[in-house]
Amino acid sequence: MMAEATTTTAKGTPKRKGPGYRFNWVGRIGLAIILFWAIVAVVGPWLAPHPPGEIVDWDYFGPVTKDFWMGTDYLGRDIFSRILMGARYTVGIALAAVTLACTLGVILGMVAAVAGGWFDMILSRLLDAFNGIPSLLFGLVVVAAVGSSIPVLILTLTAIYMPGSYRFARALAVNVNTMDFVTVARARGESTPYLILREIFPNILGPVLADLGLRFVFIVLVLSGLSFLGLGVQPPNADWGALVRENIEGLSIGAPAVIFPSIAIASLTISVNMFIDNLPTKIRDRSE
Amino acid sequence: MTNPLVSVRDLRIGATTDAGRKVEIIKGVSFDIAPGEIVALIGESGSGKTTIALSLMGHTRTGCRIDGGRIRLGTSEITAMSERARARVRGTEVSYVPQSAAAAFNPSKRIMDQVIEIAAIHELMPRAEAEKKAVELFRALALPEAETIGQRYPHQVSGGQLQRLSAAMALIGDPKLVIFDEPTTALDVTTQIEVLRAFKSVMQRGGMAGVYVSHDLAVVAQIADRIIVLKGGEIQEVGGAEQILHAPQHPYTKQLLAAFEPVPHQPIAQPEQAAKPKPVLEVFDLCAGYGPLRDGVPFAKILKNVNFKLERGRNLGVIGESGSGKSTLARAIAGILSAYRGAVMVDGKELKPDLQNRSKDDLRRMQMVFQLADTALNPAHSIGAILARPLTFYEGLRGKAREARVIELLDMVHLPAALRHRLPGELSGGQKQRVNLARALAASPELILCDEITSALDTVVAAAILELLKELQRELGLSYMFISHDLSTVEAICDDVLVMYKGEVVEALPAARMSTEATHPYSRLLISSVPQLDTGWLAGLEQDPELVAQFANR
């Protein structure tokens, strides 16, 4: 099965689906849910039946009705509309931040592993020191200094999660770096970019993707934490985490307002991990 | 004939692969072992020799199971027993000496506690008595300071001593059968002799039966009464040690023996050239080491003033035991490890000590092939991509021309062109090593540094690789620097030999007259320690004990 699947350029991204890059059905479900939320994030505002900030129901924590498909929140705003609008923030900010954080962290980690010496030492100590700053405190300072906007939020979250990704990738790359095939490439006179991208990266891709899935979930949680402090997405808009927090009192009276945002968060984070855990074997684990 | 101690009838062992496919590993094997007899299981990797040996304890490796057949040991029917009953038999009736003693000992417990563990688990005797018995065994195994060696930790004794201690561990419960699983494969030749002698004498004295698993016919010849030749999970030939060595019947046994016969190397005829060419490689006073530099000298100095010259078209062998600095020498020449003193000249041109400062052409001329074929190939790249890279890198080849050259390279190392679509994980060990060679050839080098390239391969496969090297040399006019701990390999391919000991070249001499003309005591010791295909070799071997004490790392 492996033999027929192999192509001369045995490289691939999760997007590419040759005969050797087939997903199993769990992975496909994960991918479908991620795509669904991505589409919602783009077209959400046009789908929403009510403006997200408008108080449409004079009762608070209203039940599921014909007009309000997912009930109303603590101010009587339509939850369905707010979730559709929130998708834009949660999915967009978290995906952008996790992509940036992991790309940056993995590249720096591999460079540090290959270069070694003072570059590795200075960068590692610097990022370790940075890791020591509590993430919410860091967010607080940044937002207080430059104000809250979406690019600022993305960069803040990237900065918070990059050092962890760097540490992880560096540890993996150090192991691969000592293998003979890297020594062979080095003895051939290859440059550092080649060593990193062609020799090391394909061999650490599997664990790095698993790490990316985990980091995505953390970013969704920190984003909602920032919103709770009033530093994240600004009212009347809200990300999903904020929707859960602002409606948490409704739980005791059985309001659907808190259930549906939770389901949205769960469906997104679980599907991201389902997708990554079920990537084609060829990408996930090269050793097989 | 007396009743055999062990009888194995129609043994079948199967396994389920990760893909869910069922494979048969052992296909109906039957043999007997008489009391006090040592039987050797010999064959290449994958022949099922260790699987059979382990099954005598009723044990199979994860994923394998005994599918059929019977194994009887003494009065106990191993195959019919419950796991609990088998556990009672292990250590008392049958015991096991593993290949790597270093991995078999717990590094955080004293040796004595581990040696008498079997006696404690099976409650065979009180502790004091067990310790007394262990000391007796240490003496019988010719271990130094038998009284106190048990108080040390495993890292405080040498590899050869540890292997003998693991034999003591196996023998403490007075088993009827001892299984030796390649116990000397990881040891140096000079150490191997002592360990083999100790095993042989203790087995003879105890009158125990043994199963000796090995791939090395010469080692087996010293210790076994009978030899079973295995291939692909089936018995090819069974016979007395003398008969197998001198009158083999089966073609496979003949092939195994033929791979052992040293083929004297014929240096290729040099076309007379008007101007005498400069030596392809010349090394002056080379010093290299590891660790942080202090005053330009590294913390651990390995190579000390190495000098040699390698003429074009000739082959240089470097021999020595582990830790002699052979591989460090190759790495320093290749520039992977930067030498801190001395000079490396290729074709009369001095090379910079480190990789960064060497030109692309300098790097291209000299290629290195590593011992472990599988870690030297990137598992994520196809064979085609691996071979194509040096072509692009050094010559700028692309597209069709590159593809054609890749196919040509595969053909040079006798591999089918279709192999270029496969990943390294789908190749056998010998095929991988051929790909490694092909990658080195892709750079059109003048010199190839071979670092123990046949050590991890089976005898027959290794012999084929050596043949290939010779053929390539004839066609391409290459020179090899061939590093090995195996003297017969070096004899088969090299013109000249350097003997290394503790980072120094102690002797340089022509390979053909290595065994007769070596004068340095260490070279003599090393050469005389190589096992011969002769059952009486070990018994008749005499070595100067002073020499042994001075040089052998026992």
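In this predicted model, 25 residues of chain B are in contact with 21 residues of chain A. On the chain B side of this contact, helices α13 (360-365) and α14 (383-395) each supply at least two residues, and α14(B) gives the most, with 4 residues. By class, the side of chain B that touches chain A has 15 nonpolar, 7 polar and 3 charged residues.

**Chain A**

- The secondary structure of chain A consists of 11 helices and 0 strands, and buried residues make up 44% of its 288 residues.
- Among the contacts in chain A with a separation of 6 or more, 69% are accounted for by residues 24 or more positions apart.
- UniProt, in an unreviewed entry, lists residues 87-276 of chain A as "domain: ABC transmembrane type-1"; over these residues the chain is 82% helix and 0% strand, and the end C-alpha atoms are 21 Å apart.

**Nonpolar cores**

- The largest nonpolar core has 162 residues, and those with the most contacts inside it come from both chains, namely Ile83(A), Ala94(A), Leu157(A), Ile219(A), Leu449(B) and Met481(B).
- Helix α3 of chain A, which spans residues 79-115, gives the most to this core, with 22 residues.
- If residues up to four places away in sequence are not counted, Ile219(A) touches Ala94(A), Ala97(A), Val98(A), Leu157(A) and Tyr161(A).
- A second, separate core of 79 residues includes Ala40(B), Leu56(B), Val157(B) and Ile228(B).

**The chain B sheet that contains β3**

- Six strands of chain B form an open sheet with mixed pairing, in the order β6-β7-β8-β3-β9-β10.
- The edge strands of this sheet are β6 (94-97) and β10 (234-240) of chain B, each of which pairs on one side only, and the twist averages 20 degrees from one strand to the next.
- Within the sheet, strand β3 (residues 38-42) and strand β8 (residues 209-214) of chain B pair in the parallel sense over 5 bridges, and the bridge partner of Leu41(B) in β8(B) is Val213(B).
- Helix α7 of chain B (residues 159-171) lies across β6 and β7 (177-181) of chain B, and runs at about 170 degrees to β6(B).

**The chain B sheet that contains β16**

- Another open sheet of 6 strands in chain B, with mixed pairing, has the order β16-β17-β18-β13-β19-β20.
- Strands β16 and β20 (504-510) of chain B stand at the edges of this sheet with a single partner strand each, so one side of each is left without a neighbour in the sheet; the twist averages 20 degrees from one strand to the next.
- Strand β16(B) pairs with strand β17 (residues 447-451) of chain B in the parallel sense over 4 bridges, and Val369(B) stands opposite Cys450(B) in β17(B).
- In a regular strand the side chains alternate between the two faces of the sheet.

Conventions. Residues are numbered from 1 along each chain as its sequence is written. Chains are lettered from A and ligands numbered from 1 in the order in which they are written. This is a predicted model: local features need pLDDT of at least 70, side-chain atom pairs count only at pLDDT 80 or more; totals for chains, interfaces and linings use all residues. UniProt positions are given in the numbering used here, feature names are shortened, and annotations may be inferred rather than shown by experiment. Two strands pair if DSSP finds at least two bridges between them. Axes are lines fitted to C-alpha atoms, for helices over the stretch in contact, and angles run from 0 to 180 degrees between N-to-C directions. Two residues are in contact if their C-beta atoms, placed from the backbone, lie within 7 Å. Ala, Val, Leu, Ile, Met, Phe, Trp, Tyr, Cys and Pro count as nonpolar, Asp, Glu, Lys and Arg as charged, and the others, Gly among them, as polar. A nonpolar core is a set of buried Ala, Val, Leu, Ile, Met, Phe, Trp, Tyr and Cys residues joined through C-beta atoms within 7 Å. A residue is buried if 20 or more other C-beta atoms lie within 10 Å of its own, exposed if 12 or fewer, and partly exposed in between; C-beta atoms are placed from the backbone.
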